[in-house]
Amino acid sequence: MSGTLALVGAGEFLVAMNAVDRALLDRSGGLRVAVLPTASAPDGPGVPERWAKLGIEHFNALGAQTDGVMALDRETCNDQSIADRVSAANLVYFSGGKPDYLYETLVDTAVWAAVKSVYDRGGVIAGCSAGAMIMGAYVPSFKMQLGLPHIVSWQPAFGLVPNAIVVPHYNEFPEFVSRLMFRAPKGTITIGVDGNTALIGSNGTWAVMGQLRVTLRLEGKTTRYLNGQSVLLN
């Protein structure tokens, strides 16, 4: 890896994330931010626009120049003029929503190629909730069952964090519920990220930043990390 990756559990664009996002801006090498609310498109008209507005206000208050990029479907994600706006950023931020929709909308598109170009030249890619989930090796497809999301299947994701699945909102459910919901494919690490917390990695070095914890689960072993602690993913 040449850039920085930030996996955010929840809390995008809130004051509680100011210190984390300020640090990400500092790492990015510039002040140009692209906010992509793509994952929220299935939630209906007006929802992506609201997330884009919140992201613009949040990062501009931190001194950035923020572009809300409304790449909400595959047609738009293959529009080179939209991709060029993403390429111009130092920090690309994916807000939350539906992870399977987000992956299927981005994969093999001009916008995703632009995201990778930002990352490869040393910029920052941040994802919150669904935006974090697509960075692992697998992303789940969900259906609702008894009022809770139920994972139907796992499909390959972008793999910027190899051999791992990312579970956001980790502190919002009892851990036994998360274990039942997120049964990782064999041999993969489960990375649970609490709200208002990020796991930040660059060149194989990872650390926690934020208010709560990151939890790793692998083959029955559970390890927890707090703000400032280094995390070993290998």
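The points below begin with the basis of the model and then turn to the sheet, the rings and a helix residue.

1. This is a predicted model, in which local features need pLDDT of at least 70 and side-chain atom pairs count only at pLDDT 80 or more, while totals for chains, interfaces and linings use all residues. Residues are numbered from 1 along each chain as its sequence is written, and side-chain values use heavy atoms, with hydrogens and water left out.

2. Eight strands make up an open sheet of mixed pairing, ordered β3-β2-β4-β5-β1-β10-β11-β14. Strands (E, at least two residues) and helices (H or I, at least four) are DSSP runs numbered from the N terminus, and two strands pair if DSSP finds at least two bridges between them. At the edges are β3 (65–68) and β14 (230–231), each of which pairs on one side only.

3. Strand β4 (residues 91–94) is joined to strands on either side in that order. With strand β2 (residues 32–36) it pairs in the parallel sense over four bridges, and Tyr93 is the bridge partner of Val35. Strand β5 (residues 124–128) also runs parallel to β4, again with four bridges; here Leu91 has Val124 as its bridge partner. An antiparallel case is β1 with strand β10 (residues 197–202), joined by five bridges; Leu5 stands opposite Gly201 in β10.

4. Which residues cover the two faces of β4? Leu91 and Tyr93 lie on one side, Val92 and Phe94 on the other, and all are buried. Buried denotes under 20% relative accessible area, exposed over 50%, and partly exposed the range in between (1.4 Å probe, protein chains only). In a regular strand the side chains alternate between the two faces of the sheet.

5. The structure holds seven aromatic pairs. One of them, Phe13 with Tyr93, is tilted, at 5.1 Å centre to centre and 45° between the planes. This pair links distant parts of the chain, 80 residues apart: Phe13 belongs to the loop between β1 (4–8) and α1 (18–28), and Tyr93 to β4. Rings of Phe, Tyr and Trp (its six-membered ring) pair if their centres lie within 6.5 Å; planes under 30 degrees apart count as stacked, over 60 as edge-to-face and the rest as tilted. Phe13 is buried at a relative accessible area of 8%, and Tyr93 is buried at 0%.

6. Phe94 and Trp112 form a further tilted pair, with 6.4 Å between centres and 40° between planes. It connects β4 with helix α6 (residues 110–120), where Trp112 lies, across 18 residues.

7. Over the face of Trp51 lies Arg50, at 4.9 Å from the ring centre; the criterion is NZ of Lys or CZ of Arg within 6 Å of the ring centre and within 35 degrees of the ring normal.

8. Where does Leu102 lie? Leu102 is placed in helix α5 (residues 99–106) and is buried, at 0% relative accessibility. Leaving aside neighbours within four places in sequence, its contacts (heavy atoms within 4.5 Å) are Thr38, Ala39, Phe94, Ala130, Gly131 and Ile134.
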